[in-house]
Amino acid sequence: MKASVIVFPGSNCDRDVKISLEKFGIKTSMVWHADAKLPKSDLVVLPGGFSYGDYLRCGSIASKSRIMKEVITHSKKGGLVMGICNGFQVLVESQLLPGVLIRNINLKFICKNITVKVTNNKTNFTSKTSRNSVLEIPIAHNEGNYFASKDLIDELEDNNQIVLQYCDAAGNITEQCNPNGSIKNIAGIVNKKGNVFGLMPHPERASDELLGGMDGSLIFKSLK
Amino acid sequence: MKLQVIVTLKKDVLDPQGSAIKSSLSNMGFKNIESLRQGKTFEIIVKEKDEKVALSKAKDMCEKLLANLTIEDYSVKAIKE
């Protein structure tokens with residue numbers, strides 16, 4: 001499998017995600033946002049960071065960059081796309097994923113380990129996890145509060161598009177363990193076709209024992 | 001021609017910043033604030049003499065970049081100087 005990691009001005013998890021992808025056997029190239037052509041890739045990763053300094057709305061300016069036209073074409077052909085944190089924000093701004101990510105309900109930047117429940121393990125991104133298993137992965141964001149209309153949330157549920165939900169260590173999805181106010185404790189979703197995945201937690205920060213955990217590696221292992 | 005674009009959150013979208021500002025104002029003694037919503041304004045100068053054309057360009061800018069229509073509404077007007 002071949003992956004491309006898109007580098008925007010202000011991306012800061014691009015190299016971490018490359019290291020994680022390569023650790024799990026995925027050949028990875030870095031692609032600059034202003035490039036016109038995407039190298040032949042099975043997977044495109046939009047990394048975390050603060051693209052364009054989060055100006056206007058997080059991810060909004062990155063979503064209009066030159067390479068994103070290619071990323072959109074790649075996704076329309078069924079190619080895999082994964083957006084982590086700021087990458088998830090870019091995906092909703094590009095309308096490759098529905099809904100929007102707004103300011104955390106407590107107005108604080110939250111950087112800590114949280115637990116998420118894998119609500120759907122039948123995706124290209126979670127196939128190596130077990131259904132309803134609990135993963136401990138760090139989050140680090142200011143705008144991770146997933147918002148969508150009621151109709152859209154119903155649609156996400158009906159199509160099994162909700163993949164990760166914030167939960168407690170035992171896997172209970174409660175208000176207390178919702179760090180940012182997301183509707184239904186949503187931490188990660190896929191599009192209807194299942195080839196585009198956005199998540200706020202950073203699996204690349206939990207893919208090495210030295211970093212304090214390996215739960216994120218299951219996402220990278222699933223990508224084959 | 002100078003244009004003003006105002007982008008605000010839709011009525012039923014939570015505005016935690018607006019709520020925080022409202023409660024800060026209340027703490028400062030500004031009582032009786034019923035509601036406070038935060039938004040953004042943009043001042044855009046375009047090389048265009050026809051107001052209709054300028055406004056329709058600004059609307060296009062709003063729909064394509066300045067506003068996220070999932071959560072935001074926008075309004076545009078020309079500013080006479």
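Mentor: Two strands are said to pair if DSSP finds at least two bridges between them. By that rule, strand 1 (residues 2–9) of chain B and strand 3 of chain B are a pair, running antiparallel and joined by 8 bridges. One of the facing pairs here is B:L9 with B:E72 of strand 3 of chain B. Keep in mind that this is a predicted model.

The sheet they belong to is an open one of 3 strands in chain B, ordered 2-1-3, with antiparallel pairing. Its edges are strand 2 (39–45) and strand 3 (72–79) of chain B, each of which pairs on one side only. Ignoring direction, neighbouring strands in this sheet are turned against each other by 20° on average. Helix 2 (residues 51–66) of chain B packs on the sheet and touches strand 1, strand 2 and strand 3 of chain B. The direction of helix 2 makes about 155° with that of strand 3 of chain B.

Chain B also has helix 1 (residues 16–27), with 12 residues. From first C-alpha to last, helix 1 of chain B reaches 17 Å, close to the 16 Å expected at 1.5 Å a residue. Just after this helix, B:G29 has a positive phi of about 105°. B:K22 lies in helix 1 of chain B. With 18 other C-beta atoms within 10 Å, B:K22 is partly exposed, because a buried residue needs 20 or more and an exposed one has 12 or fewer. Leaving out residues up to four places away in sequence, B:K22 touches B:I33 and B:L36. B:I33 is 11 residues from B:K22 along the chain, yet their C-alpha atoms are separated by 7.2 Å.

Now the sheet of chain A. It is open and has 9 strands in the order 2-1-3-4-11-10-9-6-7, with mixed pairing. Strand 2 (27–32) and strand 7 (134–141) of chain A stand at the edges with a single partner strand each, so one side of each has no neighbour in the sheet. From one strand to the next, the twist averages 25°.

Strand 11 of chain A shows both senses of pairing. With strand 4 (residues 80–84) of chain A, strand 11 (residues 196–199) pairs in the parallel sense over 4 bridges. There A:V81 has A:V196 as its bridge partner, and A:I84 stands opposite A:L199. With strand 10 (residues 186–190) of chain A, strand 11 runs antiparallel, and 3 bridges join the two. On that side A:V190 stands opposite A:F197. The hairpin of strands 10 and 11 of chain A has 5 residues between the strands, and in it A:G194 takes a positive phi near 85°.

In a regular strand, side chains alternate between the two faces of the sheet. In strand 11 of chain A, A:V196 and A:G198 point one way, while A:F197 and A:L199 point the other way; all are buried.

Beyond its neighbours within four places in sequence, A:M82 is in contact with A:F197, A:F125, A:L43 and A:V45. The largest nonpolar core has 66 residues, of which A:M82, A:I6, A:V45, A:F88, A:L91 and A:V116 touch the most other members. Strand 9 (residues 162–167) of chain A gives the most to this core, namely 5 residues. Apart from it is another core of 10 residues, including B:V5, B:V7, B:C62 and B:V76.

Helices also pack here. Helix 2 (residues 66–76) of chain A lies across strand 1 (2–7), strand 2, strand 3 (43–46), strand 4 and strand 11 of chain A, at about 125° to strand 4. Helix 1 (residues 14–23) of chain A has A:D14, A:D16, A:V17, A:K18, A:S20 and A:L21 as its buried residues. These pack against strands 1, 2, 3 and 4 and helix 5 (217–222) of chain A. After helix 1 of chain A comes A:G25, with a positive phi near 80°.

Last, the contact between the chains takes 11 residues from chain A and 8 residues from chain B. On the chain A side, 5 are nonpolar, 2 polar and 4 charged.

Technical notes
Residues are numbered from 1 along each chain as its sequence is written. Chains are lettered from A and ligands numbered from 1 in the order in which they are written. This is a predicted model: local features need pLDDT of at least 70, side-chain atom pairs count only at pLDDT 80 or more; totals for chains, interfaces and linings use all residues. Two residues are in contact if their C-beta atoms, placed from the backbone, lie within 7 Å. Ala, Val, Leu, Ile, Met, Phe, Trp, Tyr, Cys and Pro count as nonpolar, Asp, Glu, Lys and Arg as charged, and the others, Gly among them, as polar. Axes are lines fitted to C-alpha atoms, for helices over the stretch in contact, and angles run from 0 to 180 degrees between N-to-C directions. A nonpolar core is a set of buried Ala, Val, Leu, Ile, Met, Phe, Trp, Tyr and Cys residues joined through C-beta atoms within 7 Å. The expected span of a helix is 1.5 Å times one less than its number of residues.
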